[in-house]
Amino acid sequence: MPRAKFHTLTEQMFYILLCLKEECCGMDILDKVPAMTNGRVTVGSGTLYNLLEQFLEEEFIKETRVEGRRRSYIITAKGKEMLDKEYARLLAQIADYNIIFRKGEA
């Protein structure tokens, strides 16, 4: 059974949405993601622009400005809700880990 689209977010999806708390363009995102993750996560330009299109279609982000080929975006309330759900899912995984591996540790 295929995974429902955006049921969970990949790391790249999560960090792209996180970057869009403030208005920025694709080039800004390409710089911000590695900076905020100390290089642990990178996003290729093809992946980025594909995801931006999908996020626009799902109304997770909105376009705020167009200057030639340069487009700027910001997260919407719907996108923030998706980010909040993913955050809660990750916290639940951490809690499960702690129950299993930290049980009995002082």
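Glu-23 and Arg-65 form a salt bridge, with 2.8 Å between the closest N and O atoms. Glu-23 sits in the loop between H1 and strand E1 (24-25), while Arg-65 belongs to strand E2 (residues 61-67), so the pair ties together parts that are 42 residues apart in sequence. The model is predicted. Glu-23 is partly exposed at 35% relative accessibility, and Arg-65 is partly exposed at 38%. A network of salt bridges links Glu-23, Arg-65 and Glu-67.

The structure holds 8 salt bridges. Another of them joins the side chains of Glu-11 and Arg-40, at 2.3 Å from N to O. This pair links distant parts of the chain, 29 residues apart: Glu-11 is in helix H1, and Arg-40 is in the loop between helix H2 (26-36) and helix H3 (45-57). Glu-11 is partly exposed, whereas Arg-40 counts as exposed.

A further salt bridge, between Glu-81 and Lys-85, lies at 3.5 Å from N to O. Both residues are in helix H4, 4 residues apart, about one turn of the helix. In an α-helix, residues three or four places apart point the same way because there are 3.6 residues a turn.

| Residue | Relative accessible area | Class |
|---|---|---|
| Glu-11 | 42% | partly exposed |
| Arg-40 | 51% | exposed |
| Glu-81 | 45% | partly exposed |
| Lys-85 | 52% | exposed |

Helix H4 (residues 77-101) has 25 residues and spans 36 Å from its first C-alpha to its last, close to the 36 Å expected at 1.5 Å a residue. Its buried residues are Gly-79, Met-82, Leu-83 and Glu-86. The buried residues of H4 pack against helix H1 (11-19) and strand E3 (70-75).

How values were computed:
Residues are numbered from 1 along each chain as its sequence is written. This is a predicted model: local features need pLDDT of at least 70, side-chain atom pairs count only at pLDDT 80 or more; totals for chains, interfaces and linings use all residues. Side-chain values use heavy atoms; hydrogens and water are left out. Helices (H or I, at least four residues) and strands (E, at least two) are DSSP runs, numbered from the N terminus. The expected span of a helix is 1.5 Å times one less than its number of residues. Buried means under 20% relative accessible area, exposed over 50%, partly exposed in between (1.4 Å probe, protein chains only). Contact means heavy atoms within 4.5 Å. A salt bridge is a side-chain nitrogen of Lys or Arg within 4 Å of a carboxyl oxygen of Asp or Glu.
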